[in-house]
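Here's a quick briefing to read alongside the model. Have the viewer open and hop between the topics as you like.

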Amino acid sequence: MQWFDALIQGILLGGMYAQYALGMALMFGVMRIVNVSHGDLVILLSLIGISLASSFGWGPFTVMVALVPLAIALGWLLQKAVLNKVVGDDPLPSLIATFGLSIALQNMMLQIWSANSRSLPGGGIESQSIQIGGIYVGLLPVMVLVFATGLTWGLDLMLKRTRFGRALRAASADVEAASMTGINARAVYASATAIAVGILGFAAVFQSLRSTVAPADGGAQLIYAFEAVIIGGMGSVWGAFIGSMVLGISQAIGFRIDPGFGVLAGHLVFLLVLAVRPQGLFGKV
Amino acid sequence: MTSVPLSPVSHAPALPQVMVRRQTASGRIAMVLFLLAVVALAAMPWWAKTGTIRMVLELCCYIAVAQMWNMLAGYAGLVSVGQQAFMGAAGYALFVLAQTFGVNPFLAIFIALLVPAFLAVPCYMLLHRLDGPYFAIGTWVVAEVFRLVASNMGFLNAGAGMSLNVMKEYSLLERNIAMSLLCALMILLTIGGSYWFLRSRYGLALIAMRDNPVAAASQGVNVPRLRFMIYIAAAVGCGLAGAVYSMAQLRINPPSAFDPMWANVAIFIVMVGGIASIEGVLIGSLIYFIADRWFGQYGASYFVVLGVMTVFVALYARGGIWGAVSKRWDVHWFPIRRHLIYKTEERP
């Protein structure tokens with residue numbers, strides 16, 4: 001029963017990681033870029049959300065309604081101002097640019113919000129629980145998982161069915177051929193980053209409801225997102241989702257074994273996948 | 001029956017008489033200055049106070065780590081943000097050898113370098129499977145794994161860390177002499193060693209690989225092997241810097257041994273100074289060192305400026321300071337190019 005409980009908690013934790021991993025999988029799939037400031041953006045949005053909630057007395061869902069458009073705008077701006085200048089075959093410029101951005105963002109947040117941990121008051125939902133089969137699960141983690149599944153499903157559907165999704169896939173397969181058929185790659189890239197960061201708007205609300213956030217937390221979120229994407233297999237939205245579940249379950253079981261071992265267990269499973277199945281669980285060779 | 005003698009020499013057009021020039025006047029001057037600097041470093045106990053030696057030691061560690069990062073990112077195309085893994089590993093190895101097993105610390109520092117060398121092999125085996133930008137984040141995960149393992153190992157005194165009490169057996173002068181010699185050795189190995197490597201035939205292969213890995217492979221460069229060699233060498237170089245730094249600190253614990261700050265510092269130094277050049281590393285290290293002394297008191301806002309500068313360099317000035325200088329003047333301090341000079345009588 002104890003291990004079954006750990007499994008359920010792991011899946012629920014995976015729901016949180018999936019919300020970070022989706023955007024990263026999308027950006028890498030389309031532009032072959034890793035945004036090192038991915039985690040710092042979650043923290044930035046969380047802190048903005050917390051400040052909004054405390055100054056206007058908004059509930060978590062009002063904050064979400066405000067935060068998601070802000071995140072989309074932020075993503076679009078990031079692409080236009082920074083990433084469009086560094087996208088290309090050489091991975092170095094994009095890594096360095098987003099790495100510098102990450103240092104700047106982290107320290108800017110430290111300056112504005114101080115190093116204290118904060119969280120978003122949820123008006124009671126963070127402590128409610130529901131009973132499923134013999135175990136109690138928190139209402140909030142279940143909501144996180146439902147949102148993560150919905151976002152993954154929506155993103156997958158958008159990539160497969162819509163005109164924009166086709167343009168995105170064409171640009172990721174061969175940017176020059178896509179340009180020849182009339183696709184404006186820069187515009188597609190800007191929309192992809194806007195969506196990737198937009199998803200972080202949801203993640204930010206849930207992260208700050210579930211636990212606390214502090215300016216220095218971004219690096220860990222980036223690593224979890226990255227591990228989920230690699231475990232799942234690059235270039236697949238559902239792969240990133242399943243990878244997040246695997247990472248969540250590994251960490252939850254690790255925490256049961258020893259509290260100091262939880263995060264390490266996640267890293268070790270990641271390294272194990274890298275050793276035995278480097279293309280990821282769902283990756284194509 | 002007349003047979004035409006096959007003489008390929010007579011059919012091939014005569015090769016122009018050329019000379020390969022590899023050293024320049026500025027290079028010779030810089031070489032002398034470099035050797036003088038190494039001697040000055042070694043002789044520090046006779047001209048510097050203990051505080052100065054500590055500061056110079058810090059600067060030497062910046063130079064060493066930045067140059068190792070430069071070899072990885074600037075030449076081998078391996079962007080790492082996790083070299084602190086090997087710095088911490090060598091630091092811990094030194095502390096365990098000297099403190100737990102009672103090995104002479106100045107001998108232990110060299111034995112300790114075997115640890116990053118051995119650890120780098122499996123790390124590279126795993127990480128090289130990751131594509132370009134993912135390699136970088138992968139190195140970060142490895143550094144996190146090292147830190148978490150060290151925090152969980154009772155043998156390393158877990159999160160509390162260790163102290164190097166055996167250093168009490170040596171007088172201040174003895175320690176200063178050792179630190180100065182280690183500084184000189186570190187610079188000689190990382191800067192001098194890189195220069196020697198880049199001028200060797202491996203260097204030629206490395207530069208070909210940096211410009212275009214596929215084309216280099218087609219010319220017979222063993223790209224995977226060269227990358228592997230650089231990765232191991234960089235792990236050992238960073239290990240030396242880490243061991244020397246923690247020996248000077250006399251204390252080690254997981255957050256300081258595996259401090260991601262080193263990645264920030266190395267990236268800032270190399271990008272601002274000028275990637276893929278030894279000159280850039282020296283310029284960048286001096287800038288960072290002076291900036292840290294002057295503006296370090298401003299804490300977070302100082303790092304915001306460093307971060308924004310790194311973004312700016314990546315967007316608009318990828319060559320950094322040395323890139324801008326070398327575009328205008330051909331005064332390389334560490335020339336690694338081979339210039340073909342026509343002999344005077346053949347000059348067209």
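Let's start at a loop: Ser114(A) sits between helix 4 and strand 1 of chain A. Keep in mind that this is a predicted model.

- Ser114(A) isn't a glycine, yet its phi is positive, at about 60°.
- You'll find Leu250(B) in the loop that links helix 11 (223–249) to strand 3 (251–252) of chain B.
- Leu250(B) has 15 C-beta neighbours inside 10 Å, so it's classed as partly exposed.

**Chain A: fold and dimensions**
- Chain A is built from eleven helices and two strands.
- Going along the sequence, the order of elements in chain A is α-α-α-α-β-β-α-α-α-α-α-α-α.
- How does the radius of gyration of chain A fit what a compact globule would have? It agrees: chain A comes out at 19 Å, and the expectation for a compact globule of 285 residues is near 19 Å.
- Along the principal axes, the C-alpha atoms of chain A take up a box of roughly 60 × 50 × 35 Å.
- Of the 285 residues in chain A, 53% are buried.
- If you take the chain A contacts between residues at least 6 apart in sequence, 76% of them join residues at least 24 apart.

**Chain A: confidence**
- Chain A has a mean pLDDT of 89, with 99% of its residues at 70 or more.
- Which element of chain A has the lowest mean pLDDT? That's strand 1 (residues 129–132) at 81, while helix 2 (residues 38–56) has the highest at 94.

**Where the chains meet**
- On the chain A side 36 residues are in contact, and they meet 33 residues of chain B.
- Four helices of chain A each bring at least two residues to the side that touches chain B: helix 3 (60–86), helix 4 (91–113), helix 9 (218–232) and helix 11 (262–276).
- Helix 4 of chain A gives the most to that side, with 16 residues.
- By type, the chain A residues on the side touching chain B split into 27 nonpolar, six polar and three charged.

**The nonpolar core**
- The largest nonpolar core holds 209 residues, and Ala21(A), Val65(B), Ala90(B), Leu94(B) and Val244(B) have the most contacts inside it.
- Helix 8 (residues 185–210) of chain A gives the most to this core, with 16 residues.
- Zooming in on Val65(B), and leaving out residues up to four places away in sequence, you'll see it touch Gln83(B), Cys238(B), Ala241(B), Trp262(B), Val265(B) and Ala266(B).

**Chain B: the UniProt record**
- An unreviewed UniProt entry puts the feature "transmembrane region" at residues 29–47, 107–127, 134–156, 176–198, 228–245, 265–290 and 302–325 of chain B.
- Residues 107–127 of chain B are 90% helix and 0% strand in the model, with end C-alpha atoms 31 Å apart.
- Residues 176–198 of chain B are 100% helix and 0% strand, and here the end C-alpha atoms are 32 Å apart.

Definitions and conventions. Residues are numbered from 1 along each chain as its sequence is written. Chains are lettered from A and ligands numbered from 1 in the order in which they are written. This is a predicted model: local features need pLDDT of at least 70, side-chain atom pairs count only at pLDDT 80 or more; totals for chains, interfaces and linings use all residues. UniProt positions are given in the numbering used here, feature names are shortened, and annotations may be inferred rather than shown by experiment. Two residues are in contact if their C-beta atoms, placed from the backbone, lie within 7 Å. Ala, Val, Leu, Ile, Met, Phe, Trp, Tyr, Cys and Pro count as nonpolar, Asp, Glu, Lys and Arg as charged, and the others, Gly among them, as polar. pLDDT is the predictor's confidence in each residue, from 0 to 100. A residue is buried if 20 or more other C-beta atoms lie within 10 Å of its own, exposed if 12 or fewer, and partly exposed in between; C-beta atoms are placed from the backbone. The radius of gyration is taken over C-alpha atoms; the globule rule is 2.2 Å times the number of residues to the power 0.38. A nonpolar core is a set of buried Ala, Val, Leu, Ile, Met, Phe, Trp, Tyr and Cys residues joined through C-beta atoms within 7 Å.
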